[in-house]
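Open the model in your viewer and keep the sequence panel beside it. The tour below goes stop by stop, saying what to select and what is there.

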Amino acid sequence: MAFDWTWLLLFDAAFLVVGAILIVAMVIRERRKPKPPATCADGMRQKAGVGDQHGAGQSEIEEHEHG
Amino acid sequence: MRSSMTASSTDFIALFAYAALTLWIGHRVAKNEGADDFLLAGRSLGLPLFVGSLVSTWYGAIFGVTEIAFKHGLASWLTQGIFWYGAYLIFAFFLASRLAQSGHRTLPEQIGALHGENARFFAAILNYFNVVPIAYMLVLGKLAEVLFSWPVWLGILVFGAIAALYSAAGGFKAVIYTDLLQFLLMCLGVAAMIVYAVTRLGGADFLQNRLPADHLSLLGNMSVQEIVVWAVVALSTLVDPNFYHRCFAAASPRIARNGILIAIFFWVLFDVCTTFGGLYARAALPFWNPSSAYAVLGGLILPAGLESLFWVAILASAMSTIDSYCFVGAMTISVDLFPPSKETTDRDLVRKTRAGVFLTAALAAVLAMIFSGSFKAIWKTLGSLSAAAMMLPAALGLLGWRPPGAGFAAMVGGASGTLGWAALRAMSIPWALKLEALMPGVSLSLCCYIIVGLVPERKARE
């Protein structure tokens, strides 16, 4: 009896669908993850709740950068 | 199930929901922070996005693959699949990491860094004409004609404008995020088609009983020469601007290499679905036009909701390629043909690239309308010209052998060899018709590279 490869076709289609859904799920997961601070100084800013380079917390950041 | 291919209200809703979603994505990611962010998504492309974007971009015309499967059988998997996997593997293992580390932005810029400014300018011209997506614009027009009974130009105008709008608004980020949506839709569409073909028409027995015997052999009814030509054509991947663009944008060399390897896995699965889709079309509708038999079969066997998904998948596959090609074309204009000066700000560069997206899309649309009947021959010659001219200088240069002058000489040799042979074929000279123009082009390019490359070494020894 000849080899029946019908099920291989169905598996192929199933793998394609599952793989595509997985890739999309990975992108969504990656986007939801909070981005790590780019530099140490950014991290300090984030921790101190400082908006950006203006005002409070600046000396602390500079101290860390030079330290 | 419907017997005709005219659109139902579900198809209308699905196609316009898809179009609206792509525009919304373009608008959503439109916040750009500088030129690198707009042109290369901040060079932070992660693995899943890399894979989804590359897989969908590479597949532009599903009907083209199913047509070859309809005519030549399983051999189309060899010529349209297996040879290409070899080329992707070479790209992944030998070029991807080098490109991701290079810090360049475009293929011509990379060639310029390897072989000098003349080579860069020549590469930019060849690359631009290679990426103008004429054939894919025509797919949009034909699809709208079949589904909505619109004139071809209207389909090109509506869907081409949507692709250009979101690409120009959101830059490369919009291209890759819409690619991801298109990737999902394409996979769902072709997989549904196979599942329904197997369950409604039958499995292996159905195909074995109804197909010509050579359609289930891997070599099929193609001549050895035809197969060898396809093997060389597959190597044109080594200068595919979309592969380069994604490698430049990858967050790390590892992502570039692994991304291509995972993409190969998806291409294998996808190719099996489209090849067997073409075979089912041949078995079920043997006297139908090969270029539309797959679409007709979709209309016959898929239930209403899934049929709409199938049409969206076909549209998505063409649009994912059009957006990427238009964007690469735009970057060729803004970065290579009219390179930014020291005074050019990031804002100017972004503005110039946006204009380039519209210009490339408009050029593709106009050419698709003008050459709708004979575009295939022109498109094939332009593709061969670009591949024959750039393949060896790019690959050998990246692998470390870049003697002065050899790259430019090989590009001129490759382009003139291809053009000359194409002219002979156009004059219907019998011996020229036996060989595709790409082969003499690549051979001449190789000769030029070796001769010019070895001369300075000999002089130095003397």
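How much area do chain A and chain B bury between them? The answer is about 2,100 Å², with 84% of it on carbon and sulfur atoms. Buried area here is the accessible area (1.4 Å probe) that two parts lose on being put together, summed over both. The size of an interface is often given in this way, as the accessible area lost when the parts come together.

Before going on, note that this is a predicted model, in which local features need pLDDT of at least 70 and side-chain atom pairs count only at pLDDT 80 or more, while totals for chains, interfaces and linings use all residues. Residues are numbered from 1 along each chain as its sequence is written, chains are lettered from A and ligands numbered from 1 in the order in which they are written, and side-chain values use heavy atoms, with hydrogens and water left out.

**Stop 1: the contact between the chains**

Select the residues of chain A and chain B that are in contact (heavy atoms within 4.5 Å). Chain A brings 19 residues to this contact and chain B brings 29 residues. Now pick out A:Trp5, A:Leu9 and A:Leu16, which supply 29% of the area that chain A buries against chain B, more than any other three residues. On the side of chain A that touches chain B, 13 residues are nonpolar, two are polar and four are charged. In this count Ala, Val, Leu, Ile, Met, Phe, Trp, Tyr, Cys and Pro are nonpolar, Asp, Glu, Lys and Arg are charged, and the others, Gly among them, are polar.

How many salt bridges are there between chain A and chain B? The count is zero, a salt bridge being a side-chain nitrogen of Lys or Arg within 4 Å of a carboxyl oxygen of Asp or Glu. Two residue pairs are in polar contact between the chains, both at pLDDT 80 or more. A polar contact is a pair of N or O atoms within 3.5 Å; within protein, one must be able to donate a hydrogen and the other to accept it, and residues adjacent in sequence count only if both atoms are side-chain atoms.

**Stop 2**

Show chain A by itself. It has three helices and zero strands; both are DSSP runs numbered from the N terminus, helices being H or I of at least four residues and strands E of at least two. Of the 67 residues in chain A, 24% are buried. Buried means under 20% relative accessible area, exposed over 50%, and partly exposed in between (1.4 Å probe, protein chains only).

**Stop 3: B:His115**

Move to chain B and select B:His115, in helix H6 (residues 107-115). B:His115 counts as buried because its relative accessibility is 13%. A polar atom of its side chain lies 2.8 Å from the backbone oxygen of B:Pro393. Beyond its neighbours within four places in sequence, B:His115 also has contacts that include B:Arg402 and B:Tyr449.

**Stop 4: two loops**

Most residues other than glycine have a negative phi. Select B:Arg43, whose phi is positive, near 50°. B:Arg43 sits in the loop between helix H2 (35-40) and helix H3 (47-58) of chain B. Then select B:Ser149, with a positive phi near 60°, in the loop between helix H8 (134-148) and helix H9 (152-201). Is B:Ser149 buried or exposed? B:Ser149 is exposed, because its relative accessible area is 58%.
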